[in-house]
Amino acid sequence: MLSMTIANRVSVLLLATFTVIAPMTGMEWSVYFSHLAAGMAVLVVTFGLFALGGMGGGDAKLLSATAVWMGLSMTLVQYLIYSTLLGGALTVAILLYRKSPLSVFTGHLLPLRNFADSDTGVPYGIALACGGMIVFPSTVLAQWAMAQF
């Protein structure tokens, strides 16, 4: 939010953690590879959106790395829907803030600096993170982890 960037290490860590943890859960290889296919499919679509200027590169990588955890399932669809709705709400809120007199008085504050600047985009990573946290408990891996307790 402060830098308007998503570090590559975040996406790499998400992907690397999945590739190590998933086989330890007893996940079948066909399911494992379908999870990787979900990430690749999302990467192809988001890379196209990035190339067209429809989304940032960090958002595309984060969305793809997170999709690996969801797999080719309704959980992925739910994640995409929640992230889209939250991203839309965030965008509307930021646009309203930018048009309001409040942005003149608070736009110089570090946490709100990018929100007030109409030349910057929307930190969509916030919506992706929130969408992921909402649906993660219903993923196969989260349910496996909870069953261990």
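## Helix α1 and Val20

Helices here are DSSP runs of H or I with at least four residues, and strands are runs of E with at least two, numbered from the N terminus. Val20 is found in helix α1, which covers residues 8-24. This is a predicted model, in which local features need pLDDT of at least 70, side-chain atom pairs count only at pLDDT 80 or more, and totals for chains, interfaces and linings use all residues. Residues are numbered from 1 along each chain as its sequence is written, and side-chain values use heavy atoms, with hydrogens and water left out.

A word on accessibility: buried means under 20% relative accessible area, exposed over 50%, and partly exposed in between (1.4 Å probe, protein chains only). Val20 has 46% relative accessibility and therefore counts as partly exposed. From Val20 to Lys99 there are 79 residues in sequence and 46 Å in space, C-alpha to C-alpha.

## How α2 meets α3

Let us turn to a helix pair. The axes of α2 (residues 29-51) and α3 (residues 57-70) come within 7 Å and cross at roughly 160°; axes are lines fitted to C-alpha atoms, for helices over the stretch in contact, and angles run from 0 to 180 degrees between N-to-C directions. The two helices are therefore roughly antiparallel to each other, a label for angles over 145 degrees. The crossing of α2 past α3 is right-handed, that is, the near helix is turned clockwise from the far one by less than a right angle.

Contact means heavy atoms within 4.5 Å. On the α2 side, the residues that meet α3 include His35, Leu36, Val42 and Phe50; their partners in α3 include Ala60, Leu63, Trp69 and Met70. The residues of this contact divide into 11 nonpolar, 5 polar and no charged.

## The nonpolar cores

A nonpolar core is a set of buried Ala, Val, Leu, Ile, Met, Phe, Trp, Tyr and Cys residues joined through side-chain atoms within 4.5 Å. The largest has 12 residues, among them Ala38, Met55, Leu62, Tyr79 and Leu128. Two or more residues come from each of α2, α3, α4 (74-99) and α7 (125-135), and α3 gives the most, with 5 residues. Apart from this core lies another of 7 residues, including Ala22, Met27, Tyr32 and Trp69.

## Two residues up close

Beyond its neighbours within four places in sequence, Met55 is in contact with Thr46, Leu49, Phe50, Ala60 and Leu63.

Thr75 has its place in helix α4. Is Thr75 buried or exposed? At 10% relative accessibility, Thr75 counts as buried. Setting aside neighbours within four places in sequence, Thr75 is in contact with Met70, Val135, Ser138 and Thr139.

Methods
Angles under 35 degrees count as roughly parallel, over 145 as roughly antiparallel, 65 to 115 as roughly perpendicular and the rest as oblique. Ala, Val, Leu, Ile, Met, Phe, Trp, Tyr, Cys and Pro count as nonpolar, Asp, Glu, Lys and Arg as charged, and the others, Gly among them, as polar.
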